[in-house]
Amino acid sequence: MLAHHGTLGETMSSGRVTVVDHPLVQHKLTLMRDKERSTQGFRRLLNEIGMLLAYEVTRDLPLEPVEIETPIGGMVGRQIQGKKLVLAPILRAGVGFLDGMLSLLPSARVAHVGLYRDPETLEAVEYYFKAPSDLADRTVLVLDPMLATANSAVAALDRLKARGAVDLRFVCLLAAPEGLARLAAAHPDVPVWTAAIDSHLNDHGYIVPGLGDAGDRMYGTR
Ligand code: PRP
Ligand code: URA
């Protein structure tokens, strides 16, 4: 069942999947879906939505007390507990979220996960991986605008867990119901934040209505 709680706008959460329904996110997402949107516009909007999603995905991070001195006197403030977060974009399209997220989380570490989807089999093929060595001690936000079959997301999470990560969250822009089901089956411990859940996948594994190929639209490589 979807529960509602007020946030920046309205956010719907099923416990494992949170749909960030804030008006700014939805407005910008609609602009991005438009096939006439320029490469520059698409990239800028993805960056802006990344910032808004960073706000939502971090809203329940634990805080700890910290003693500070203001110019007027002492007080106990609150700060985010533990080590700095890790942002783990799945290349290429996940990089589109990175700058926006880093503008809110400037001290975050970055893990790059290079994967492409084989166009015939739709299996994820790894071509690059570089991550901080202490993943086990950090919250890891895995970033990819598109959750389609979830082959890429599952492969990235498998890889990050094999390197020690235990506290993971997945952030995307669009999710297909098929991808959400597969991700829940493969990694039931990983909660998901998305701006929308679309209708279904087409015969080529593209999200319908979706926005097309996110990487190609970001980088103008069609
Ligand atoms: C796209 C997208 C995801 C993946 C989603 O990447 O950015 O990583 O497909 O599909 P899936 O859920 O079925 O795995 P793509 O392989 O096209 O690479 P790119 O980002 O380099 O364009
Ligand atoms: N990858 C994309 O970029 N778009 C889709 O719709 C599916 C996978």
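**View 1. Strands β13 and β15 run side by side in the parallel sense.** Two bridges link β13 (residues 174-175) to β15; strands count as paired if DSSP finds at least two bridges between them. Strands here are DSSP runs of E with at least two residues, numbered from the N terminus. Look for Ala 175, which stands opposite Ile 197 of β15. This is a predicted model, in which local features need pLDDT of at least 70 and side-chain atom pairs count only at pLDDT 80 or more, while totals for chains, interfaces and linings use all residues. Residues are numbered from 1 along each chain as its sequence is written, chains are lettered from A and ligands numbered from 1 in the order in which they are written, and side-chain values use heavy atoms, with hydrogens and water left out.

**View 2. The open sheet around β13 has three strands.** Their order is β11-β13-β15, and the pairing is parallel. β11 (146-147) and β15 (196-197) stand at the edges with a single partner strand each, so one side of each has no neighbour in the sheet.

**View 3. Strand β8 pairs with β6 and with β9.** With β6 (residues 86-91), β8 (residues 112-117) forms a parallel pair over two bridges, and here Leu 91 stands opposite Gly 114. With β9 (residues 124-130), β8 runs antiparallel, joined by six bridges; His 112 stands opposite Lys 130 in this pair. Six residues lie between the strands of the β8-β9 hairpin, where Leu 122 takes a positive phi near 65 degrees. As a friendly reminder, strands of a sheet pair through backbone hydrogen bonds, either parallel or antiparallel.

**View 4. Ligand 2 sits in the largest pocket.** A pocket is found on a 1 Å grid over the protein atoms alone, as an open set of points where a 1.4 Å probe fits, with protein on both sides within 12 Å along at least five of seven lines; a molecule sits in a pocket if more than half of its atoms lie within 2 Å of its grid points. The residues around ligand 2 (a heavy atom within 4 Å) include Arg 117, Met 146, Tyr 206 and Asp 213. The shell divides into five nonpolar, two polar and two charged residues, with Gly counted as polar.

**View 5. Backbone atoms of Ile 207, Gly 212 and Ala 214 make polar contacts with ligand 2.** Such a contact is a pair of N or O atoms within 3.5 Å. An oxygen atom of ligand 2 is 2.8 Å from a polar backbone atom of Ile 207, and an oxygen atom of the ligand is also 2.8 Å from one of Ala 214. A nitrogen atom of ligand 2 lies 2.8 Å from a polar backbone atom of Gly 212. On its own, ligand 2 has 240 Å² of accessible area (Shrake-Rupley, 1.4 Å probe), of which the protein covers 89%.

Conventions
Helices (H or I, at least four residues) and strands (E, at least two) are DSSP runs, numbered from the N terminus. A polar contact is a pair of N or O atoms within 3.5 Å; within protein, one must be able to donate a hydrogen and the other to accept it, and residues adjacent in sequence count only if both atoms are side-chain atoms. On a 1 Å grid over the protein atoms alone, a cavity is a set of points where a 1.4 Å probe fits but cannot get out, and a pocket is an open set with protein on both sides within 12 Å along at least five of seven lines; lining residues have an atom within 4 Å of a point.
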